[in-house]
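Here is a short tour for someone meeting this structure for the first time. Have a look at the sequence and the model, then read on.

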Amino acid sequence: MGEKGNRTGDFLALLFRQRDIKRWGLMRNVYCETLSEHCFEVGLMSHMLALIGNKYFNKNYDCNKIATAALYHDMSEILTGDLPTPVKYYNNEIKSAYKQIEKTAENIIFDLLPEEMQDEYRTLFLLDDDEKAIVKAADKICAYIKCLDELSAGNQEFVAAERTIKEQLDLIELSEAKFFVENYLSSFVKPLDDITLGGPNG
């Protein structure tokens, strides 16, 4: 193992710092969501969407691959932070420049690994279009759930975000995402007793 291999611990230590990166930085939050929490939730959601595709829409997704890729999908934000959406997507020039910044940050993090490990991680960023669509839809659904959480806590700061993200969700044509939204999303506004005990109709 070369000198680079000695930095594998640094690679993992850096990834663990996702718990120190706060999301939704421009908005007042009842509960501050970390990058670590977000990536974990997108991993769960991506796995579920892929499974829905396989079971109900005759797809042949590698659910484990997609879920693992989702865990790393915002890895670059460890170095860049969570750039607010209004800035990130302000125009095509900024959007393109930020993509390059993300790629550079990813490469800096990957370079902490020995060469024999790098390819294993880089393949997680080489998804086909269908796999990318799953992770992107999962990311959007999780953002919407965050809005629902904040609104249920009485935080009106998220009214506009909820409306905008819901409009974006409605435009997603992915069958798996539509199925989840229509059948499962309502569970995320239930109180705990209704979830654990089945509620009045359980």
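Apart from neighbours within four places in sequence, Asn 155 is in contact with Arg 28, Asn 29, Val 30 and Glu 150. Keep in mind that this is a predicted model. So where does Asn 155 sit? Look in the loop between helix 8 (129-152) and helix 9 (159-171). Its relative accessibility is 5%, and because buried means under 20%, Asn 155 counts as buried.

Now over to helix 2, which covers residues 35-56. How far apart are the end C-alpha atoms of helix 2? They are 31 Å apart. With 22 residues at 1.5 Å a residue, helix 2 should span 32 Å, so the two values agree.

Quite a list of residues in helix 2 is buried, including Leu 35, His 38, Cys 39, Val 42, Gly 43 and Met 45. Further along, Ser 46, Leu 49, Ala 50, Ile 52 and Gly 53 are buried as well. What do the buried residues of helix 2 pack against? Their partners are helix 3 (63-71), helix 4 (77-80), helix 8 and helix 10 (175-183). Helix 8, remember, is also one of the two helices on either side of the loop that holds Asn 155.

Trp 24 isn't a glycine, yet it has a positive phi of about 55°. Asn 58, another residue other than glycine, has a positive phi near 55°, and it comes just after helix 2. Here they are side by side:

| Residue | Loop | Relative accessibility |
|---|---|---|
| Trp 24 | between helix 1 (8-16) and helix 2 | 14% |
| Asn 58 | between helix 2 and helix 3 | 75% |

Buried or exposed: which is Trp 24? At 14% relative accessibility, Trp 24 counts as buried, because the cut-off is under 20%. Asn 58, at 75%, counts as exposed, since that takes over 50%.

Conventions. Residues are numbered from 1 along each chain as its sequence is written. This is a predicted model: local features need pLDDT of at least 70, side-chain atom pairs count only at pLDDT 80 or more; totals for chains, interfaces and linings use all residues. Side-chain values use heavy atoms; hydrogens and water are left out. Helices (H or I, at least four residues) and strands (E, at least two) are DSSP runs, numbered from the N terminus. Buried means under 20% relative accessible area, exposed over 50%, partly exposed in between (1.4 Å probe, protein chains only). Contact means heavy atoms within 4.5 Å. The expected span of a helix is 1.5 Å times one less than its number of residues.
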